[in-house]
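Biologist: Could you walk me through this one, starting with how residue classes are assigned?

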Amino acid sequence: MQSFIKHLKSYMPYLKTAVITVLFLAVAIPFTQKIVRTETTYTPEDRYMVVLNGKELGYVSDGEIANEALLAARSRISASNSGLTLVEADMDMYVEKNGGAVLSKDELANSIYRELKSDVLETAAEEVAYTVRIDDFTVTLASKEAVAELLEKVKNKYSDSSGFTVELVEDSSGAYTALKTNFVSADMKVNEAAKVLASENGGKEEAAKDDSPVYTDGVLSVDFAEDVEIIKTKAHDNVVSVDEAYELITKEHAEKGVYTVKAGDSLWGIAESHGLSLDELFALNYGMTIDTAIYIGDVVTVTVPASEISLVVVEEKTYDESYDAPVQYIDNNSWYIGTERVVQNSVQGERSVVALVTTVNGVESEREIIHQEIAKEAVPQIIERGTLTPPTYIKPVNSSYITSPYGGRVHPVYGYQGFHSGVDWYVPSGTSVRASSSGVVVTAGWNGAYGYCVDIKHSDGSMTRYAHLSSIAVAWGQNVTQGQVVAYSGATGVVTGPHLHFELYINGCTVNPVEYTGN
């Protein structure tokens, strides 16, 4: 605390934070403090006058002592009043130069206890309410019984686990006493899957002693995903009925979520299953278009319905299923990435499994197989795949003005309907033309309607063509690097004006160059 005061001396001569009623809080910390400085330089002789609910209790040498004393007094109040007691606790601290004698933590705690004890609110039953806090969301009900009824109703909405009931238990581990939820099972028998769960929490020895596991289907555990706590408070106009509270905490609203692509999925199907149009799906996933390829395991951002509270249920299930063995890969270091060959086709196997199935608000979120018996072994698919990184392509000229795109068009000179096998960028004659990717020059000279032309063969077998040049800066057979000047643009061959005609051949066929270089 003293170091904290030292840091304050240059920046904040006055700090005031109101201390709010400890047990009235539903979304804030139990208490804070305010410090008033009258000197700009801190010395060890400074004292902290503690003021509780407007009454001066005495000095302490360290502000943290007051915090600890208030916690200790609060614990005594809670213990003597069945835990949840309404207490007014507005604590201030003033820094004074050369203050009087200081109190110990125990002495201050006794003074705080006496002050708070005299102010305990003997609130009538009808004036007491219970605030349920679910993370940052709060709702207030008239009684503990109403809270229990609400949480039971939530549980029944998402699960038919009638063997589990909600129990409210006192929790004093935090800065203030509250009630926490605990789901109690009516069936005390523990099956094998439950032992697996227990072993994850340190019960491995217990589970290992059972040499003859017995698996019994059923619900193993029920819990809320959020931190749910119940705090005793004053009854005000914000008290709602169980039905009203139920509607508030279970009403679904759209939140961003993720979806993992499975076999057979399409962008349209993913969008439809989440109540989205394709445009909405594309807006949630930057750069995604109708032409975007998706693969098994890809993660797509979607909107999912969500409520204020989430019920997590773990259930054991036994069933028979067909299954696939994991795909096996053989790396081929002479092929490029994307080149694949199926060496062996897969064959599905048959098995009986015991699984732990986790659902959140009734929707499956996880499935873990804890036991299986194989009836027929699956045969894995074996795929040979390339590992080499293919070349990248850059724009050969610095221009974004396309005079003729790739695809069908009316020929600008001859006037017939035809197919334009490249893209034309307008550039003045004499503009530097650079190699789109590294490779070997296979053509460097006159090429009929193309005029002066350069062709470059690349390491993956692709080829780029640069046509209608005014002059050529490389020779046949020459190795060139990406970005190297290979020619200068012009208007040779069959043209209507100066430009660069650029073609890209992949697997012997032309493709739209701007899909690889941008426009």
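Modeller: Gladly! Ala, Val, Leu, Ile, Met, Phe, Trp, Tyr, Cys and Pro count as nonpolar, Asp, Glu, Lys and Arg as charged, and the others, Gly among them, as polar. This model is predicted, with local features needing pLDDT of at least 70 and side-chain atom pairs pLDDT 80 or more, while totals for chains, interfaces and linings use all residues. Numbering runs from 1 along each chain as its sequence is written, and side-chain values use heavy atoms, without hydrogens or water.

Biologist: Which classes line the largest pocket?

Modeller: Its lining comprises 20 residues, with Val304, Val360, Val363, Glu364 and Ser365 nearest the centre. Sorted by class, they are nine nonpolar, seven polar and four charged.

Biologist: How is α4 oriented to α7?

Modeller: The axes (lines fitted to C-alpha atoms over the stretch in contact, with N-to-C angles from 0 to 180 degrees) of α4 (residues 144-158) and α7 (residues 242-250) come within 10 Å, crossing at roughly 45 degrees. Under 35 degrees is roughly parallel, over 145 roughly antiparallel, 65 to 115 roughly perpendicular and the rest oblique. Therefore α4 is, relative to α7, oblique.

Terms used. Helix = DSSP H or I, 4+ residues; strand = E, 2+ residues; numbered from the N terminus. 1 Å grid on protein atoms, 1.4 Å probe; cavity = no way out; pocket = protein on both sides within 12 Å on 5 of 7 lines; lining within 4 Å.
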